[in-house]
Amino acid sequence: MIWKKAKENDRLCETLACLHQIPLFSSLSVRELRRLEPIFHDRRYDTGEVIFDQGEEGLGMYVVVSGKVRIFTKAESPDGSEKELALLGTGQFFGELALLDGEKRTASAIAVEPSRLVGFFRPEFLSVLETHGRAGTKISLQLAKLTAFRLRQTLEGPATTSSI
Amino acid sequence: MDRTSSFSSGLNHPLVWIGVIVGTLISLYVMHAIWWLSLPLVLSIIICYVSKPFLQELRRRGLTQGQSLFTYLLIGSFLILVCILIVLPWVASQIYELREQVPMYWEQVHAFLENTAKDLEKRFPGFREAGLMSLVERQLDTSEEMLVSKILPDLAIYVISWIPPLLLIPYLAFFILKDGVQFKRLILRGVPNAYFEKVLLLFHNLDTQVKQYFRGLFAMTFLDTITLGIGLYLIGMPLGLFGIGQSLFLGLVCAILAWVPYLGTATGCLMMVIVCLSQAPGNWLLVLASVCLFVAVRVIDDFFYTPMTIGKSLSSHPLLTVLIVFAAGYIGGVIGLLLAMPVLGIWMALGEVFGQVWMDERLRARHRATRQLRRTHAQKGLL
C-alpha cells in the first residue's frame, strides 16, 4: 500500500515537473500546480493509437510526458495523402487553442510509440478561472502570449503546427 | 454559443429512450427498497449542488479546499442551530394549528358530500333507489374510523422512522464535497481513450444540468412560497381568514407539492380549495379567487420563474412525464413521486452520453482498433 502510494507520488512529481516546463504552466508556482492536479488527466496510448482526429470537436490540450506523438493533416484529395506537421516528444504540447474556442481540430494526432500524455480540458479550465482566479489568470495570460506568438509567426513566416 | 453546454442528438434513438425509461423505473424501485440510504444520499447530493457556489466563492477568496470546507461546516452548523431554535418551532406551531382545524375540515367535507348526495338523489330518482345517500354515509364513517385508528398513527410512525436516516445527510454531504472530484476522476480513468474527450464533455454537461435543476428547484420553491403566501393572505384579508404565517406555510406546502409535475400541482390546488371551503363555507367567490390565484401563479411560474431558474434543464414530453410520475408513485410512494423528475433527468443525461458515444461510428472504430492493437502487442513473441 505504502509502496503503491510512493509510486503514485513519484508519477505525480514527474507529471508536475513536466507541466512546469511548458510555457502555459511555467508561471505557476509548485503549490498552484499541485492545487490544479485534480484537473489534469493522465492517459496512456499505445503505438499507432489515435489521440484525436482532424475535424473532431476540440476539447483541450495534451502535454507529452513520455513517448512521441505525430501531428499530421489529411488532404481532401481522393488518395487521402497525409502531410506531417510535427513530431512531438517529452515536454511538448499540442491542441492548446481548443482550450479557448472548442472549435474543430485542424489536424490529427497519433502516438508513434507508447506514450504518456496529460490532458487539460476546456470545461475544467473554465472552472479553474472560477475557483482559482490567480492561477487561471496566469494560464490565460500565457495562452494569450502563445496565441500572439503563433499569429506573429503566421504573419511573418511559414505556418506552423498552430491551432491544432 | 458555449459549445460545452450544447447537447445534440444522443436521445434520438428509440432504444436509448427505452433504456432511459427502464433505467429510471429500476432506479426508483431500488431506491425505494433501500430508502433509508437512497433518500439521505439524494438529499446530500442536492445539498452539495446547492452549497457549491458558496464553497467556490470561498476558494475564489483564496481559501484552500480544507479551509473552505471547515468554514462551510461552521456556517452550516450555525444555520442548523438557527433552524432548530427558530424555524422548527414555527413549523410545529403551524402544523399544530392545522391539526386543530382538521376535525373542522373533515366536517365540512362530510357536509359537502352529504349535501351533494342529497341533491343528486332529489334530481335523479335512480340514485335514491340505488341508496346513494346511505352508501356515502357508510363510506364516510369507514373513512373516519380508518383515519383515526390506522392512517394517522401509521403516518406518525412513518415520519418518526425517517429521523435516523436523515441524520446521515451532513456526514454524506461532507464526504461528497471533500472527495467528489476524486470520485469523478476514478470513473473517468476507466473510460477508454477513444471515448474519453466525449465522455468528459458530456459529464460536464450532466453536472451543469443537474446543478441548474436543483438550484432552480430551490429558487422556484422560494418564489412560489412567497407569491402564493402573499396572494392567499390578500384574498383572505377582507374576511380576516389567514394570518401571514399561515398563508406562507400553505404556500410552502403547495410549492413543495409542485415538485411533482402536474399531479402535485393539482393536489396543491385541491388542498387550497378545501382550506378555503372550510374557512368560509359556501363562499364560492373565495374558492374561485383561490383557484384563480393558483392558475395565475402557475402562469407566472411557466413564463417567468421557470425560465429564470430551472430553464429547460430537464425538459421531456408531458405524456412521458405524467407516465413516469404515476409509475414512480406506484413503485416508490411519496419518495418515488418526489424523486421521479430528478432521476428521470439523470437517466436522460446518461442516455445522451451513451447515445452520442454509441452512435459515433468513428469513435467505435477507433476503440476497436485500439483493442486490436493492444491484443497484437500482447501476443507479440508468442508461438
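Residues are numbered from 1 along each chain as its sequence is written, while chains are lettered from A and ligands numbered from 1 in the order in which they are written. In this predicted model, local features need pLDDT of at least 70 and side-chain atom pairs count only at pLDDT 80 or more, whereas totals for chains, interfaces and linings use all residues.

Student: How many helices and strands does the secondary structure of chain A come to?
Tutor: Helices (H or I, at least four residues) and strands (E, at least two) are DSSP runs, numbered from the N terminus. Read along the sequence, chain A follows the pattern α-α-α-β-β-β-β-β-β-α-β-β-α-α. The count for chain A is 6 helices and 8 strands.

Student: What is the order of the strands in the open sheet of chain A?
Tutor: Two strands pair if DSSP finds at least two bridges between them. In chain A, 6 bridges join β4 (residues 69-74) to β5 (residues 82-88), and β4(A) pairs with β7 (residues 108-111) over 4 bridges. Strand β2 (residues 50-52) of chain A pairs with β7(A) over 2 bridges. With antiparallel pairing, the order of the 4 strands in chain A is β2-β7-β4-β5.

Student: Which strands of chain A stand at the edges of this sheet?
Tutor: An edge strand here has a single partner strand, so one side of it is left without a neighbour in the sheet. The twist from one strand to the next averages 30 degrees, the angle running from 0 to 180 degrees between N-to-C directions of axes, which are lines fitted to C-alpha atoms, for helices over the stretch in contact. The strands at the edges are β2 and β5 of chain A.

Student: Which residue in β5(A) is the bridge partner of A:V69?
Tutor: Strands β4 and β5 of chain A run antiparallel. Another position of this pairing sets A:I71 opposite A:A86 in β5(A). For A:V69, the bridge partner is A:L88.

Student: What is the relative direction of α9(B) and α10(B)?
Tutor: The axes of α9(B) and α10(B) come within 7 Å and cross at roughly 155 degrees. Angles under 35 degrees count as roughly parallel, over 145 as roughly antiparallel, 65 to 115 as roughly perpendicular and the rest as oblique. The two helices, α9(B) and α10(B), are therefore roughly antiparallel.

Student: With which residues is B:V291 in contact, leaving aside its neighbours within four places in sequence?
Tutor: Two residues are in contact if their C-beta atoms, placed from the backbone, lie within 7 Å. B:V291 lies in helix α11 of chain B and counts as partly exposed because it has 15 C-beta neighbours inside 10 Å. The C-alpha atoms of B:V291 and B:M272 are separated by 8.0 Å. The contacts of B:V291 are B:C269 and B:V273.

Student: How many charged residues has the side of chain B that touches chain A?
Tutor: In the classes used, Ala, Val, Leu, Ile, Met, Phe, Trp, Tyr, Cys and Pro count as nonpolar, Asp, Glu, Lys and Arg as charged, and the others, Gly among them, as polar. In all, 20 residues of chain B are in contact with 19 residues of chain A. The side of chain B that touches chain A has 6 nonpolar and 6 polar residues, and the number of charged residues is 8.

Terms used:
A residue is buried if 20 or more other C-beta atoms lie within 10 Å of its own, exposed if 12 or fewer, and partly exposed in between; C-beta atoms are placed from the backbone.
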